[in-house]
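Please open the structure in your viewer and keep the selection tool at hand. The stops below say what to select next and what is there.

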Amino acid sequence: MGAADVVPGVSGGTIAFISGIYEELIETIHQLDLGFFKIWKQNGFKVAWKKYNLAFLVALFGGVFLSILSLAKLITWLLKSHPIIVWSFFFGLIIASILYVAKQITKWNAASILAVAIAAVLSYLITIAEPVGSPDSTWFLFFAGCIAIIAMILPGISGAFILLLLGAYEAVIGTITQFIEGITSLNWELFSGALIKLIVFGLGAVVGLKAFSKVLNWMFKHHKNTILAVLTGFMIGALNKIWPWKEVLEFRINHSGEKVPFLDKSILPNQFDGDPKIMYAVIFVILGFLTIFLLERIATVKQKQ
């Protein structure tokens, strides 16, 4: 999930769904409340820890955090050096994910088809939306944290891409950079300023995650077919964002001072300016597809144990 969330266009929620932990994740987050401290006081920490399934959350988000730290630079380098291959792999991954999620829909009717269509159009419109400028206000960081975390747990929508659309991507990356610089240079002013902004962003993420988990949890319990149709549509629409061949329309300067794509559009391989690497693209689409197939098999075996 951490590796997927690093890439603008790929959602960690997709990986959670395919690996069979998505509903448990939503249910666990939904159940979190201040009652934990009451149970702790009455029955002890161990009972409260087990009742709220915190071992699951710590293991999961610990893995996400370690993955982001260890793979962020590698994935960033791969996207810069071998973009067609990387996007082809994720394209195959998402196609397999669409088939897997759609397969979970037990009853296809007009409502589910309409849900797929509306979600697909909405997701597609998000992928072609033009990012706005980077605001630095504290309230906007809270709002960005709230919206981005929702995207991160929705299969098909990337939190990193939502941050980019909101214009908060640079602000968040810059704040993290200031935080690290403050620690390494022992600059208290730089460290404290960045820490406050990160706390605000984190609080927004917590509020968004808690609020949205209630909606998702209720939907899974009462309208599972509909929510699965919506998630399928989101992933179909997101395919435009991860299409391997792009024409860059505008560039931006990132936090490192480098010129990177800001606005692009999907094109056919024969229209690509350079080597389209079609053979490599096909191979990695297949590898991405097989990765999800393997994850599904592992999850199925684990659920039977």
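Helices (H or I, at least four residues) and strands (E, at least two) are DSSP runs, numbered from the N terminus. This is a predicted model, in which local features need pLDDT of at least 70 and side-chain atom pairs count only at pLDDT 80 or more, while totals for chains, interfaces and linings use all residues. Residues are numbered from 1 along each chain as its sequence is written, and side-chain values use heavy atoms, with hydrogens and water left out.

Begin by colouring the chain by pLDDT, the predictor's confidence in each residue, from 0 to 100. The protein chain averages 81, and 85% of the residues score at least 70. Among the elements, helix α5 (residues 45-51) has the highest mean pLDDT, 91, whereas helix α10 (residues 159-166) has the lowest, 68.

Next, select residues 278-304, which make up helix α14 and supply six residues, the largest share, of a nonpolar patch. The patch covers about 610 Å² and is made by Leu-99, Ile-278, Val-282, Ile-286, Phe-289, Leu-290 and Phe-293. Patches are made of residues with over 30% relative accessible area and no salt bridge, with like charges joined within 9 Å and nonpolar side chains (Val, Leu, Ile, Met, Phe, Trp, Tyr) within 5 Å; the areas come from the Shrake-Rupley method with a 1.4 Å probe, and for residues only the protein chains shown count as cover.

Then follow Leu-99 into helix α7 (residues 83-103). Is Leu-99 buried or exposed? With a relative accessible area of 51%, Leu-99 is exposed, whereas 16 of the 21 residues of α7 are buried. Here buried means under 20% relative accessible area, exposed over 50%, and partly exposed in between (1.4 Å probe, protein chains only). The end C-alpha atoms of α7 are 30 Å apart, which agrees with the 30 Å that its 21 residues should span at 1.5 Å a residue, the expected span being 1.5 Å times one less than the number of residues.

Now select Phe-89 and Phe-90, an edge-to-face aromatic pair with 5.7 Å centre to centre and 75° between the planes. Phe-89 is partly exposed at 24%, while Phe-90 counts as buried at 10%. Rings of Phe, Tyr and Trp (its six-membered ring) pair if their centres lie within 6.5 Å, and planes under 30 degrees apart count as stacked, over 60 as edge-to-face and the rest as tilted. The structure holds 12 aromatic pairs, and one aromatic cluster is formed by Phe-36, Phe-37, Trp-40, Phe-45, Trp-49 and Tyr-52.

Finally, turn to the three salt bridges, each a side-chain nitrogen of Lys or Arg within 4 Å of a carboxyl oxygen of Asp or Glu. Glu-23 and Lys-224 meet at 3.0 Å, N to O; Glu-23 lies in helix α3 (residues 22-31) and Lys-224 in helix α13 (residues 224-238), so the pair ties together parts that are 201 residues apart in sequence. Lys-221 and Glu-27 meet at 3.7 Å, N to O; Lys-221 is in helix α12 (residues 188-222) and Glu-27 in helix α3, so this pair ties together parts that are 194 residues apart in sequence. In the bridge between Lys-265 and Glu-247, the closest N and O atoms are 3.8 Å apart; Lys-265 lies in strand β2 (residues 259-266) and Glu-247 in strand β1 (residues 246-253), so the parts tied together are 18 residues apart in sequence.
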